[in-house]
Amino acid sequence: MENNFDDVMAKRSDEELIAIITIDKNKYQESAIISALKEFEYRNLDKAILEDYINNSKNTDENELGVENLNQIYKFANKIIEKQNCSISEVQNILIENGYNSNDISWVVNRLLFKQQEKKDAIDDMFYGTLWFAGGFLLTVADIGYIFYGAILVGGFQFLKGAFNYLSINSK
């Protein structure tokens, strides 16, 4: 029976395979690592390279590698969403197919869901801000005896808050 990750690992560069087998080993599922090892042997790469990577990786802080790897996975997931217009569940399946660790995938998915909720909140702020502003403006112009500056100011503020939040979310 062929491993699901054999094709994925065949597309990886030599450096990526070595990283998967050594320093990023705890970031991948066992079957992905096995496929990476098979591909490493299939390419007939020098095993001394693995030893060099292992020796060099001992000098690197593991926490830095973990955060760097998570950010790379997050950026990869964002690219998938932007370019292929996929849902978060489809992105999750793509990450699983690429052999990423389930803990990393859940962290990335939670971060994507949080970003999605922040966007929705910003859009809601802009919408309700516009309603308050327009309502206050129309009632003031209608000259029914009251001036609705409060609604105009609150609506304008809420719209601007939503717009700034939306722009800051997209720049992350």
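Author: A salt bridge is a side-chain nitrogen of Lys or Arg within 4 Å of a carboxyl oxygen of Asp or Glu. By this rule the count comes to three salt bridges. The model is predicted, so local features need pLDDT of at least 70, side-chain atom pairs count only at pLDDT 80 or more, and totals for chains, interfaces and linings use all residues. Residues are numbered from 1 along each chain as its sequence is written, and side-chain values use heavy atoms, with hydrogens and water left out.

Reader: What makes Lys-161 and Asp-125 a salt bridge?

Author: Their N to O distance is 3.6 Å, and the limit is within 4 Å, so the pair qualifies. The pair links distant parts of the chain, with Lys-161 in helix H8 and Asp-125 in helix H7, 36 residues apart.

Reader: Why is Asp-125 called buried?

Author: Buried means under 20% relative accessible area, exposed over 50%, and partly exposed in between (1.4 Å probe, protein chains only). Asp-125 has 15%, and is therefore buried. Lys-161, at 39%, counts as partly exposed.

Reader: Why is H7 called roughly antiparallel to H8?

Author: Helix H7 (residues 102-141) and helix H8 (residues 149-170) pack at an angle of about 155°, with their axes 7 Å apart. Angles over 145 degrees count as roughly antiparallel, under 35 as roughly parallel, 65 to 115 as roughly perpendicular and the rest as oblique. H7 is therefore roughly antiparallel to H8.

Reader: How do you know that Arg-43 forms a salt bridge with Glu-39?

Author: The closest N and O atoms of Arg-43 and Glu-39 are 2.8 Å apart, which means that they meet the limit of within 4 Å.

Note on methods: Axes are lines fitted to C-alpha atoms, for helices over the stretch in contact, and angles run from 0 to 180 degrees between N-to-C directions. Helices (H or I, at least four residues) and strands (E, at least two) are DSSP runs, numbered from the N terminus.
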